[in-house]
Every structure is written in C-alpha cells, then in structure tokens.
Amino acid sequence: MSDIETRVSTGWKRLASTLVQGAREDASDGGTLVNIPPTRGSTVLFPTLEAMNRMDGRSHAHKAVYGAMGTPIQHELEKLLASIEGGTHTQVVNSGLSACTTALLAFLGQGDHLLLPDSVYGPTRRFADTMLKRMGINTTYYAPLTTREEVEALIKPETRIVLAESPGSHTFEVQDVPMLADVAHQAEALLFLDNTWGIGVFQPFEHGVDLSIQALSKYPGGHSDVIIGSITVNDEGHWKTLRDASIQLGQCSSPDDCWLTLRGLRTIGVRLAHQARSALEIAQWLKTRPEVARVLHPALEDCPGHEIWKRDFTGACGLFGVELKPDISVAAAERMIDGLSMFGIGASWGGYESLVLPTTGHVRRVTGEGGPKAATFRLHIGLESVDDLKADLARGLDGLAGVDQ
Ligand SMILES: *Cc1c(COP(=O)(O)O)cnc(C)c1O
C-alpha cells in the first residue's frame, strides 16, 4: 500500500476497540445484553420529593429528572462521542443543523460578531444571515484559506466566535484550524469547528478547537435512516453554557435514534476505512480521465489545503468533489449525472451507498475567487464494488466525448 493509501484509513485504528467495547450495560451484578437497550420515557419517578430535588439541581450532569434531558441511551451515546472527539462532554441534539444552531445560540448574544468561512454548510449560512441577523448578531465571511493577517483584520472587539468547517462544504478547502484557533484566542473569542467530514480523523481539541459539531446523520448513523447531531466541548465552563442552552431549547434525541446511532458507531471504523480506500482509488483514477480538470479530495495535491490535510489529519472519508474541464457544459454534466446507475441522486452522505450531487456554482459567495468555475459534482463513495462504481463513471464520462455540448 502506498503511503497515502495507508494514511486515508489509519485514523480509525486508534478508536476501534473503544467503539466495539464501549457503551455496554454494567455487568457487575450478572449477565447483560451486549448492547444498551433503547429505554423510552418522559416521566422519571422518584421515591421522595427530596430525592427529586437533589436530582434537579444536577441538571448539568448526565442525569435526568425528565426525558427531555436525555434518556440513558442518549447519555451512553454522548460518552462514546466525547471519546471519539477527544472532548470531556457531548450534548446530543436532534439534527446536525441544530448542532450548528444550538452551539451558536448558546454562546452568542445581541451585538456579538461571528466569523464564518465562505465555504460553510449552506443552512448554517442561512441561519446566520436571517435569524442571527434579526437578533442583532452580525456575521462576516472570511476566505477559507485566509492568511493570519487577513483574518486578524476581520476581528472586531465584539467578535465572540470564529467558526471553521474543514474541508468546507462543496469546495473541499482544508482550513488551517490551529492558526484560526490561535487568532480567535488572541482576541478572546472561541473557535468552533463543524467536524462532520473529519470525524475520527481530525482530533479537534488537539488542534485548539473549543467546540466541535457533528452531523451524526452522516457516518455515525451510517445507514441513511436517522437525523441526529452532537456538540462536544472540553471545558467545564463551556459545558455549563452549552448544557443550559440545550435544555432551554428543548434539545434531545429520541431513544430509537440514539440506538441506531450507537449501532452505527460499532462498525464506523471498518466502514470508514473501506470507504476511504475506495474513494481514494476512484479519486486517483478520475484524475487520469481527460474530461476531469481537478479532483477536490483533500488527500490529493489538486485539493486546496492539501498540505494542511497532510499535517493535521490522520485519514479521510468517502466524500469528495470533481471539477470537469471548462469545455464541458453544465447541461452535459447534468445529463451524465442523470445517466449514472450506481450513484443515487440525493442530499446528505455518509451512508453505505454511493451518491452523486451536482455542485456547480457552489463557489464562494463573498470572498471572490477560489471555488471551481466549471461544472462540478460531489461523489460519496459507498460500500459497492469499486470496479462497478468505476465502470459506471467511465460510461458516463465516455458519453461526454463528442456530444453536442
Ligand atoms: C449534513 C451536514 C450538516 C447537517 O446535518 P443534518 O443532520 O442533515 O441536519 C451540518 N454540517 C455539515 C458539514 C453537514 O455535512
């Protein structure tokens, strides 16, 4: 195996045993099932008022006086997630998007200022541009591959949060998270990271991050049948702020969704290692195709920020972008996508199945040049045979030659 092939699949080795052996029922008084059963419930009964009041005062602990504060299986999931991300506490919420919005609402107030990368997940951008704006919280967008000086110049006295997303949605630009964390901390602001792409292969807190967001709907769920998210911190004060806000916003997840996510996490190591290897093989092959201008996979030199990926990541996942040559029209690229049979057309990613989504025009909106200009699409590589996936893509790309563009 080449160095790069080894690299894209090594990050998960460290976590494999924890994921398989963690989150089990306590077996101290006899035999137990291997998995934690999903316990459904809203009301929690106490033997006395005194016992109930004692629990109520401990709402920052992973304990509940009411189901909305999380059921036992949610708390087991939270502990396992904290260990994957390398944090001290995790809050599970009802979607990846609400992980973004809950985190921002927890730490921002009227008059505060937020820095978002211009490659941020679209619905997070919309939240900042509409609801946060209405609340008197202003956002400035920065170029994802900003220099230290450029981003320092955007910091204001009221800047409270710098958010990073690495690699960014659609443009796959890999960000210099340690530098951004340092800039944020110098200004007494916090560095938040949407770490959905980098789960298990980017350790946020080792790189200066204060709060890490996961769309667990992606690889942790892993089977395209659950919507769930998480927020992880590594500081007691940040945990109190986050936990208070989550309770006030009524954030929790159903026991069944937590159970599905825990089930997904048992196998995420082998799925990720396999999907990352398949994706790299397909990305490298696509690079040799005459129709392809660039392959935006962080493990390839074509990808903006590739050197940062090499420095900071211990692996990759199965999601990357493809930019076609400029003489291929968007209409022709869309016909090609329609004609693929192994790749489903659909939103989201991280399941066991391969997906394709056109991303043309999803370039930076505020910070100008940088994103691809020609027809682009995003591939998610699933667990199908690489030969079948390549054959399908080859048929599609062959069909681009000689068509009336
Ligand atoms: C999918 C995604 C989200 C949102 O997750 P949902 O569970 O679908 O709401 C947030 N951030 C990133 C980077 C994502 O890819």
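Predicted model: local features only at pLDDT ≥ 70, side-chain atom pairs only at ≥ 80, totals over all residues.
The lining of the second largest pocket divides into eight nonpolar, nine polar and five charged residues. In total, 22 residues line the second largest pocket, and Ala64, Gly70, Thr71, Pro72 and His75 are the closest to its centre. Helix H4 (residues 72–85) gives the largest share of this lining, with four residues.

**The largest pocket**

Now to the largest pocket. About 810 Å³ of space lies there. Its lining counts 44 residues. Nearest the centre of the largest pocket are Tyr121, Ser169, Lys218, Trp349 and Arg378. By class, 18 lining residues are nonpolar, 16 are polar and ten are charged.

Which domains contribute to the lining of the largest pocket? Domain 1 (10–263) and domain 2 (268–398) each give at least three residues. Helix H5 (96–107), helix H6 (122–134) and strand S11 (355–358) each supply at least two residues of the lining of the largest pocket.

**The ligand**

The model also holds a ligand. Which residues are around the ligand? They are Ser95, Gly96, Leu97, Tyr121, Glu165, Asp194, Thr196, Ala215, Ser217, Lys218, Ile228 and Trp349.

| Residue | Part of the residue | Distance to a ligand oxygen atom |
|---|---|---|
| Leu97 | backbone N or O atom | 2.9 Å |
| Ser217 | side-chain N or O atom | 2.5 Å |
| Lys218 | polar side-chain atom | 2.7 Å |

How much of the ligand's accessible area does the protein cover? On its own, the ligand has 380 Å² of accessible area, and the protein covers 89% of that.

**Backbone details**

Two spots in the backbone deserve a look. Pro167 sits in the loop between strand S4 (159–165) and helix H8 (177–186).

The other spot is Ala23. Its phi is positive, about 50°, although Ala23 is not a glycine. Ala23 also lies in a loop, this one between helix H2 (16–21) and helix H3 (49–56).

How values were computed
Residues numbered from 1 in each chain as written. Heavy atoms only, no water. 1 Å grid on protein atoms, 1.4 Å probe; cavity = no way out; pocket = protein on both sides within 12 Å on 5 of 7 lines; lining within 4 Å. Points joined across faces, edges and corners; volume = space filled by probe spheres on them. Nonpolar A, V, L, I, M, F, W, Y, C, P; charged D, E, K, R; others polar. Domains from an automatic or database assignment. Near = heavy atom within 4 Å. Polar contact = N/O pair within 3.5 Å; in protein donor to acceptor, adjacent residues only side chain to side chain. Areas by Shrake-Rupley, 256 points an atom, 1.4 Å probe, with all protein chains shown as cover.
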